[in-house]
There are 2 protein chains.
Amino acid sequence: MQNFSFEIIASSLRSRARAGVLRTPHGDIETPSFITVGTQAAVKAVTPDDIRGAGSQAILANTYHLFLSRTHEVIQGAGGLGAFMGWDGPTLTDSGGFQVFSLGFGRDHDIGRSSTLFPGEDIQRFSKVMDVKESQHIKILEEGALFRLPDGTKKALTPESSIQIQEAIGADIVFAFDECTSPLSTYDYTKEAMGRTHRWAERCLAARTHYDQALFGIVQGGIWEDLREESCRIIGGLPFSGFGIGGFLGRTKEEMWRVAEFVIARIPDEKPRHLLGIGTSEDISEMVRRGIDTFDCVAPTREARNGLLYTADGRLSIGKVAEREQYSPIDAGCACYTCTTSTRAYLHHLWRQKELSYYRLATIHNLFFMNARVSEIREKILRGEF
Amino acid sequence: MQNFSFEIIASSLRSRARAGVLRTPHGDIETPSFITVGTQAAVKAVTPDDIRGAGSQAILANTYHLFLSRTHEVIQGAGGLGAFMGWDGPTLTDSGGFQVFSLGFGRDHDIGRSSTLFPGEDIQRFSKVMDVKESQHIKILEEGALFRLPDGTKKALTPESSIQIQEAIGADIVFAFDECTSPLSTYDYTKEAMGRTHRWAERCLAARTHYDQALFGIVQGGIWEDLREESCRIIGGLPFSGFGIGGFLGRTKEEMWRVAEFVIARIPDEKPRHLLGIGTSEDISEMVRRGIDTFDCVAPTREARNGLLYTADGRLSIGKVAEREQYSPIDAGCACYTCTTSTRAYLHHLWRQKELSYYRLATIHNLFFMNARVSEIREKILRGEF
């Protein structure tokens with residue numbers, strides 16, 4: 001039985017955009033698709049029924065977080081991530097490689113990976129570009145990454161243990177363990193880290209024992225074309241079922257899309273491409289145009305919890321006093337559960353009172369909004385109108 | 001059109017227990033019934049659909065809290081409490097009288113109203129029984145109660161303003177403004193406060209302008225039979241649509257039930273009786289046996305949020321390590337949403353990780369449990385088996 005396949009069913013003539021179907025043991029993902037992030041085997045504030053109702057097709061959990069709380073053991077006992085959560089659709093896990101950056105250099109310097117989280121003014125804080133293999137929170141070795149936890153204990157993740165944990169979690173799509181480099185890394189360090197990522201990729205392929213999970217490789221190389229080219233050649237030449245685009249892509253949106261475009265043109269066209277951890281509602285068209293099939297991002301759920309609700313006219317700040325007596329839904333045209341049951345006035349009240357139900361209702365709306373936008377684009381590709 | 005009526009359809013031959021139907025403009029409440037508390041026009045952590053799914057028939061919101069945030073104005077603009085919340089069933093509001101106690105004497109001395117929140121050992125702290133008409137947080141006058149808020153501002157509630165606010169909120173059943181006395185009040189003070197409550201009751205009746213809302217009077221008098229008898233005679237003789245039993249009922253469960261029984265025998269039998277703010281899952285049978293038709297209590301929702309889940313064998317502490325790998329529902333026989341979708345292992349994980357979805361799932365279960373127990377008792381009364 002073929003457990004995993006990817007079929008491209010329509011391609012745009014004017015761009016790299018394409019519509020496809022990613023088949024997994026737990027059902028199909030119609031691409032392009034926004035993958036909903038459920039870090040701790042739970043999408044924050046909502047349940048699987050809510051996520052399904054919001055149009056989400058697949059959930060991505062974080063290996064590092066589940067490993068720290070040893071929840072991967074409990075998940076294995078439950079029969080896998082979907083069974084544990086009560087989600088019968090496709091699932092993914094990242095490899096923990098992003099935490100090598102976010103809990104190491106990223107935490108030390110309070111910066112994020114994408115340019116939107118890294119505005120120009122912050123660069124001024126770093127007079128000297130820094131390359132850290134060792135910091136307060138992490139040490140990177142050829143063997144793997146050693147995390148120092150706030151309580152003083154140490155936890156190691158290696159390509160082999162990442163695969164072992166991801167096999168215990170049992171998601172349909174898993175990622176190779178990589179070293180995600182920072183926006184401040186030099187060419188030389190990015191090259192060195194990329195070499196490690198390539199050796200780790202081969203070790204991940206060798207370590208796997210569950211062939212019903214699709215293993216995706218991750219392309220690194222930062223913003224340098226020769227490095228990205230090399231990474232595409234090496235990772236793209238390995239027997240992965242799909243590819244993740246990782247690492248730093250650029251300081252501006254333009255640079256980001258240029259690097260993504262460059263990578264996509266150099267990895268096998270017939271395999272699915274996932275953009276790791278990037279994608280706000282504004283980015284969807286740009287990503288799809290460049291040939292991204294799937295992407296995951298915490299923005300819709302996180303922004304919902306921060307009081308920002310998506311509308312066709314941009315983000316609505318629900319806490320503003322102007323919403324106090326708006327007896328209309330967030331978005332009159334929206335068919336989501338929240339918009340069909342709650343007014344802005346009520347959501348404003350729940351937000352002001354810090355009522356827990358606010359977080360669920362807001363999350364459902366933002367997820368629905370994201371999924372609906374991606375779905376509309378897919379329909380356009382199928383009709384040849386994108 | 002008759003907006004409000006109460007019909008007793010079966011009575012127990014061996015006790016005061018009875019099954020009835022309380023008809024309101026927003027639907028029927030089959031009694032006995034547990035009324036779900038939604039303090040801020042929201043039942044904490046859940047939505048109206050969840051509450052309906054858990055078998056709740058009616059929601060009680062708190063006038064004092066909605067008044068403080070001036071939400072009663074917004075609720076009025078929305079067309080009333082049910083319309084504001086998206087709840088199409090019956091609604092109730094208390095009068096703010098309980099906060100005269102809980103935010104005054106209760107807050108100053110960190111004690112609750114019921115004996116379960118007032119264990120014997122705490123009494124030792126009070127060498128002298130205290131009667132406070134004025135404290136740090138509240139001042140009680142013949143005119144009404146003056147609340148001093150943490151930010152220094154003052155807010156007044158009078159019988160007239162309580163009714164006015166409750167009419168703005170527009171619940172189906174509203175309560176007269178009363179002075180809820182404390183477990184430490186003397187006979188003399190309880191008598192004085194009761195006199196005020198009786199005068200306030202008449203002022204509430206005179207102040208009302210919306211006759212589609214049923215106004216319930218509240219019987220006070222503490223643990224003294226002559227005071228309770230007088231309160232029953234005066235409040236019971238006024239043209240209220242039903243009666244609330246308020247104030248301190250006793251230090252032990254036995255004393256509490258004795259006082260409740262004493263009161264119930266002395267108020268008009270044909271009208272509904274509501275026990276204010278009291279009723280854990282263990283109390284249900286005892287309350288119904290004494291003739292309580294409806295009661296409200298935050299215990300099921302609050303305990304859920306505190307990690308305590310109801311089962312036929314008592315409370316389950318979901319955070320205990322023993323639950324970590326229990327791949328079975330909270331209660332195998334329970335038909336609630338939570339038990340049909342989630343295992344103890346998953347709920348344990350959500351609780352440990354402080355995932356917001358835990359609070360919703362736990363609340364749904366405890367509400368369902370309470371409602372199911374009350375409903376079973378109603379069926380028994382109807383079959384003549386209680």
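Helix H7 of chain A (residues 159–169) is largely enclosed by the rest of the structure, because eight of its eleven residues are buried. A residue is buried if 20 or more other C-beta atoms lie within 10 Å of its own, exposed if 12 or fewer, and partly exposed in between, with C-beta atoms placed from the backbone. Helices (H or I, at least four residues) and strands (E, at least two) are DSSP runs, numbered from the N terminus. The buried residues of H7(A) are Pro159(A), Ser162(A), Ile163(A), Ile165(A), Gln166(A), Glu167(A), Ala168(A) and Ile169(A).

Residues are numbered from 1 along each chain as its sequence is written, while chains are lettered from A and ligands numbered from 1 in the order in which they are written. The model has an ipTM of 0.93 and a pTM of 0.93. pLDDT is the predictor's confidence in each residue, from 0 to 100. Its mean over chain A is 91, and 92% of the residues of that chain reach 70 or more. Residues 114–130 of chain A stay under 50. For this stretch the model has 17 contacts beyond four places in sequence. Two residues are in contact if their C-beta atoms, placed from the backbone, lie within 7 Å. Where pLDDT is low, the predicted coordinates should not be read in detail.

Chain A superposes on chain B by a rotation of 180 degrees, with 0.0 Å of shift along the axis and an RMSD of 0.0 Å. The two copies are thus related as by a two-fold rotation axis. The superposition is by least squares on the C-alpha atoms of residues with pLDDT of at least 70 in both copies. The same surface serves both copies, as 100% of the contact residues of chain A recur in chain B. Within chain A, Leu356(A) comes closest to the rotation axis, with its C-alpha at 3.6 Å.

Chain B contains an open sheet of three strands, ordered E1-E2-E3 with antiparallel pairing. Strands E1 (5–11) and E3 (27–31) stand at the edges with a single partner strand each, so one side of each lacks a neighbour in the sheet. The twist averages 15 degrees from one strand to the next. Two strands pair if DSSP finds at least two bridges between them. E1(B) and E2(B) (residues 18–24) run antiparallel and are joined by six bridges. One bridge pairs Ser5(B) with Arg23(B) in E2(B). The two strands form a hairpin with six residues between them.

Helix H15 of chain B (residues 356–382) lies across E1, E2 and E3 of that chain, at about 115 degrees to E2(B). Angles run from 0 to 180 degrees between N-to-C directions, with axes fitted to C-alpha atoms, for helices over the stretch in contact. Leu367(B) lies in H15. Leu367(B) counts as buried, because it has 26 C-beta neighbours inside 10 Å. Beyond four places in sequence, Leu367(B) touches Thr36(B), Ile51(B), Ala54(B), Ser56(B), Pro300(B) and Thr301(B).

Terms used. Predicted model: local features only at pLDDT ≥ 70, side-chain atom pairs only at ≥ 80, totals over all residues.
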